[in-house]
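Subject: Structure for you to look at

Hi,

Here is the structure I promised to pass on. Have a look at it first, and then read my notes below.

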Amino acid sequence: ALQFKNKKRHQHLMDLASQYGAVYKINMLGKPIVVVSGQKELHEMLVTKGSHFAGRVKNYISGILSFGE
């Protein structure tokens, strides 16, 4: 189970990126969450393939991980 006990959320996610790569999937509250942490990968997602992601709805879990931003 994914737990954020003694670490800040962003540091724990970066540790997972070191282990699994810049793009990986986790399950939180029964929902699949794709984590993108690399600069090159973020650019590809937001700029190169932005139209694929433009209609995605924000959800409660992403609000938790991004501190509500």
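Among contacts in the protein between residues at least 6 apart in sequence, 30% link residues that are at least 24 apart. Please keep in mind that this is a predicted model. Of its 69 residues, 19% count as buried. The accessible surface is about 5,600 Å², and carbon and sulfur atoms account for 55% of that.

On the overall fold: there are four helices and two strands, and from the N terminus on the order is α-β-β-α-α-α.

Strand β1 covers residues 23-28 and strand β2 covers residues 31-36; they run antiparallel and are joined by six bridges. Together they make a hairpin with two residues between the strands, and leucine 29 in that turn has a positive phi of about 55°.

Which residues of β1 are on its covered face, and which on its uncovered one? Tyr24, Ile26 and Met28 are on the covered face, while Val23, Lys25 and Asn27 are on the uncovered face.

The largest nonpolar core has eight residues: Leu13, Leu16, Ala17, Tyr24, Ile26, Met28, Ile33 and Val35. Helix α1 (9-20), β1 and β2 each contribute at least two residues to this core.

Now to helix α2, which spans residues 39-48 and includes valine 47. Is valine 47 buried or exposed? Valine 47 has a relative accessible area of 55%, so it counts as exposed, the cut-off for that being over 50%. Along with Leu42 and Leu46, Val47 forms a nonpolar patch on the surface, and the three have about 270 Å² of accessible area together.

Glutamine 39 is also in helix α2. Its relative accessible area is 72%, which means that glutamine 39 is exposed. The C-alpha atom of glutamine 39 is 8.7 Å from that of alanine 22, with the two residues 17 apart along the chain.

Finally, the charged side chains. How many salt bridges does the structure hold? There is one, and it pairs lysine 49 with glutamate 44, with 3.1 Å between the closest N and O atoms. Lysine 49 has 37% relative accessibility, so it counts as partly exposed. Glutamate 44, with a relative accessible area of 38%, is partly exposed too.

That is what I have for now.

Best wishes

Conventions. Residues numbered from 1 in each chain as written. Predicted model: local features only at pLDDT ≥ 70, side-chain atom pairs only at ≥ 80, totals over all residues. Heavy atoms only, no water. Pairing = 2+ DSSP bridges. Buried < 20%, exposed > 50% of the residue type's maximum accessible area, 1.4 Å probe, protein only. Contact = heavy atoms within 4.5 Å. Areas by Shrake-Rupley, 256 points an atom, 1.4 Å probe, with all protein chains shown as cover. Patch = residues over 30% accessible without salt bridge, like charges linked within 9 Å, V, L, I, M, F, W, Y side chains within 5 Å. Salt bridge = Lys/Arg side-chain N within 4 Å of Asp/Glu carboxyl O. Core = buried A, V, L, I, M, F, W, Y, C linked by side-chain atoms within 4.5 Å.
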